[in-house]
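Reader: Hi! I have the model open next to me. Could you walk me through it, piece by piece?
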Amino acid sequence: IFTTLYYWDTFFTNEGLIADGRINDARNNVNDLIFCLHKFGCVPNIMRPDGADYASQPPLLYMMVESLMRVEPDAEWEKNAVAALEKEYEFWMTERITPCGLNRYGTNVKDRNVLIRDYDECERVKLPKDVSDEVKIQTAISLTAEGESGEDHTPRFYHRAAEYAAVDLNSHLYGLERFLEKYFSDKDKEKSQKYGEAKNKRAELMKKFMEDEDGVYHDYRFTDNKRSAVYACACFLPYTVGIASCGIKKLVGKLSTECGFSSCENLGIDGCQWGYPYVWAPHQYFAYNALVAVGEDSIAEEYADRFMSVVDKTFAETGCLWERYDANGVAESVEYQTQKMLGWTAGVYNYLYEKRRK
């Protein structure tokens, strides 16, 4: 059972808390994340003393701040929270930038011996043992980068995540730049212009490197100048933040299952819990909002129904919410035992319930 805060998990939990009117609980969660950001220099993957030794996670802190600003404005709290967001932005722009100008997931681990040890001790995925130390180091960096993406592990990167400018990460950073541009528009014109220019540059680079002929954006492998052809739920994020507008029905078709959207299309790769046919609550949240953003409300409702129905059915059978689902209900254990009573499942369910009730 998870007894500590994980970074991106907290966003989805907070959305459910806000839907239930538990604003103070949501704000306390954000305050905890901000405290850790100031203490460690990034928001750790997990809120504990060694959490930042490993990595961060998708930068959703700005979305948490934005949600609280919307439901319960507090100018002084917002000022301090935005200062923290600027600090987090600097982390991503200094520690996770690539030669193509976009950002990647990575690791905070610098010690080569630790990386070799992490490779040798890895049990969650099958790795060849008869490889050089350099291969072990580069693979361990990418395995940690997958963890930083929140999708540990996924066939979308297949253990080479550090070589990709990630479509979801850059969408989140676009959203953060847009948020900061708007926040400072009537407070600091110079900062507002700075973030606005960064936002526009990111949109241009994403279009150049990530957009396919149908208008769907994919991860970009900057190490060999090649756009990925993989369809994954991460591809919904450019629609969610307003960069993409075309091709979403093709994405829906690639990821459709009986109980929502699979994290990744069927690539025939087994052993990855963020692969086909597994359905995770965070991806249903982003897919729903992506579809609504481009006016596909009926599809958004249909897939929200599919996800909520499997949650309802499985809760009736087991008395629990679960970390991950498939068409049979509780997803089979892959990498580790499927966890029960996850906050993000409750949060996304509550969020979708409230959205569809209005």
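Author: Happy to. Three strands make up an open sheet in the order 6-7-8, with antiparallel pairing. Strand 6 (279–280) and strand 8 (329–330) are the edge strands, each pairing on one side only. Helices (H or I, at least four residues) and strands (E, at least two) are DSSP runs, numbered from the N terminus, and two strands pair if DSSP finds at least two bridges between them.

Reader: Before we go on, what should I know about the model itself?
Author: It is a predicted model, where local features need pLDDT of at least 70 and side-chain atom pairs count only at pLDDT 80 or more, while totals for chains, interfaces and linings use all residues. Residues are numbered from 1 along each chain as its sequence is written, and side-chain values use heavy atoms, leaving out hydrogens and water.

Reader: Thanks! How many bridges join strand 7 to strand 8?
Author: Two, and strand 7 covers residues 324–326. Tyr-325 stands opposite Val-330 in strand 8.

Reader: And which helix packs on the sheet?
Author: Helix 12 (residues 297–318), which touches strand 6, strand 7 and strand 8. Its direction makes about 100° with that of strand 7. Axes are lines fitted to C-alpha atoms, for helices over the stretch in contact, and angles run from 0 to 180 degrees between N-to-C directions.

Reader: What about helix 12 and helix 13, at what angle do they pack?
Author: About 135°, with the axes 11 Å apart; helix 13 spans residues 343–357. That makes helix 12 oblique to helix 13, since angles under 35 degrees count as roughly parallel, over 145 as roughly antiparallel, 65 to 115 as roughly perpendicular and the rest as oblique.

Reader: Which residues make that contact?
Author: Among them are Phe-307, Met-308 and Val-311 of helix 12, and Val-348, Tyr-349 and Leu-352 of helix 13. Contact means heavy atoms within 4.5 Å.

Reader: Switching topic: is helix 11 largely enclosed or open?
Author: Eleven of its 13 residues are buried, so helix 11 is largely enclosed by the rest of the structure. Buried means under 20% relative accessible area, with exposed over 50% and partly exposed in between (1.4 Å probe, protein chains only). His-283, Tyr-288 and Asn-289 are among the buried residues.

Reader: Nice. Which residues in helix 1 meet helix 11?
Author: Trp-8, Phe-11, Phe-12 and Glu-15 in helix 1 meet Pro-282, Tyr-285 and Phe-286 in helix 11. The axes of helix 1 (residues 7–19) and helix 11 come within 10 Å and cross at roughly 65°.
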